[in-house]
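Here is a friendly walk through one protein model. Have the sequence and the 3D view open as you read.

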Amino acid sequence: MLAKLDLPEFWKGNLWHYRFQDWNHTAHRHVELEFNLITEGSAIYLLDNEKYQVQRGDLIWLYPTQNHVLVSETPDFEMWIGVFRPEALAAIATDPSHELLRQSDTIGECCRRLTLKQTQRLSALFEEVFRTKAQAAHFNAGLGYAFLTSWQYFENAKAIPIEDV
């Protein structure tokens with residue numbers, strides 16, 4: 001199901017902290033590129049027809065054509081969620097190493113595990129960017145930096161095994 005995210009017109013995307021919610025999520029996709037950084041607990045994610053068991057330190061990239069749903073989560077589950085509009089992403093993802101970010105579909109792995117230090121570093125960065133939401137220009141600049149830094153960490157991390165459903 002194609003979902004329309006409610007993003008303020010003057011934001012290039014959004015960033016928020018998610019905590020365990022005891023309800024059923026529905027499979028969806030959206031035109032924005034999304035990342036999830038798991039900071040606590042564990043969960044099972046269904047990405048198209050692949051099942052991922054994720055835990056603290058896992059960084060997941062969700063592409064516009066990719067249906068995804070959080071199937072189950074532990075009560076201590078927490079993650080950062082970031083989304084970025086395609087036109088805004090095209091403006092900042094200009095290096096050759098960013099080519100995969102500009103795709104509408106995933107090519108290769110979409111979930112990798114970061115070190116504890118990297119997870120803590122990104123989480124602190126996201127918190128800092130999140131606090132600037134009242135200042136759109138600052139928030140947009142920080143969001144772009146957060147996306148590109150997350151991608152850099154992802155490129156150098158180890159892949160997480162998947163299970164076919």
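Let's start with what lines the largest pocket: 10 nonpolar residues, 6 polar and 1 charged. The pocket holds about 390 Å³ of space. Of its 17 lining residues, the closest to the centre are Trp16, His25, His28, Glu34 and Ile81. At least two lining residues each come from strand 1 (13–19), strand 6 (68–73) and strand 7 (78–84). Strand 7 gives the most, with 3 residues.

A few words on terms. The search runs on a 1 Å grid over the protein atoms alone: a pocket is an open set of points with protein on both sides within 12 Å along at least five of seven lines, whereas a cavity is a set of points where a 1.4 Å probe fits but cannot get out, and lining residues have an atom within 4 Å of a point. Grid points are joined across faces, edges and corners, and the volume is the space filled by probe spheres set on the points. Helices (H or I, at least four residues) and strands (E, at least two) are DSSP runs, numbered from the N terminus.

## What you are looking at

This is a predicted model, where local features need pLDDT of at least 70, side-chain atom pairs count only at pLDDT 80 or more, and totals for chains, interfaces and linings use all residues. Residues are numbered from 1 along each chain as its sequence is written, and side-chain values use heavy atoms, with hydrogens and water left out.

## Aromatic rings

How many aromatic pairs does the structure hold? There are 13 aromatic pairs. One of them joins Trp61 and Trp151, edge-to-face, at 5.3 Å centre to centre with 80° between the planes. Trp61 sits in strand 5 (residues 58–62) and Trp151 in helix 3 (residues 136–155), so this pair ties together parts that are 90 residues apart in sequence. To count as a pair, rings of Phe, Tyr and Trp (its six-membered ring) need centres within 6.5 Å; planes under 30 degrees apart are stacked, over 60 edge-to-face, and the rest tilted. Both partners are tucked away: Trp61 is buried at 0% relative accessible area, and Trp151 is buried at 3%. Here buried means under 20% relative accessible area, exposed over 50%, and partly exposed in between (1.4 Å probe, protein chains only).

Trp151 also pairs with Phe154: their ring centres are 5.1 Å apart and their planes at 25°, so this pair is stacked. These two both lie in helix 3, 3 residues apart, which is about one turn of the helix. Phe154 is buried too, with a relative accessible area of 3%. Over the face of the Phe154 ring lies Arg112, 4.5 Å from the ring centre; a charge sits over a ring if NZ of Lys or CZ of Arg is within 6 Å of the ring centre and within 35 degrees of the ring normal. Zooming out, ring pairs link Phe35, Trp61, Trp80, Phe84, Phe126, Phe130, Phe147, Trp151 and Phe154 into a cluster.

A disulfide is a covalent bond between the sulfur atoms of two cysteines. The cut-off used here is a pair of cysteine sulfur atoms within 2.5 Å, and the whole structure has 0 disulfides.

## A few single residues

Most residues other than glycine have a negative phi. Asp48 has a positive one, about 55°, although it is not a glycine. You'll find Asp48 in the loop between strand 3 (42–47) and strand 4 (50–55), partly exposed with a relative accessible area of 34%.

Is Lys117 buried or exposed? Lys117 is exposed, with a relative accessible area of 70%, and its place is in helix 2 (residues 116–130). Its C-alpha atom is 29 Å from that of Ala88, 29 residues away along the chain. Tyr153, in helix 3, is buried at 17% relative accessibility. Tyr153 and Thr115 are 38 residues apart in sequence and 9.4 Å apart in space, C-alpha to C-alpha.

Note on methods: Ala, Val, Leu, Ile, Met, Phe, Trp, Tyr, Cys and Pro count as nonpolar, Asp, Glu, Lys and Arg as charged, and the others, Gly among them, as polar.
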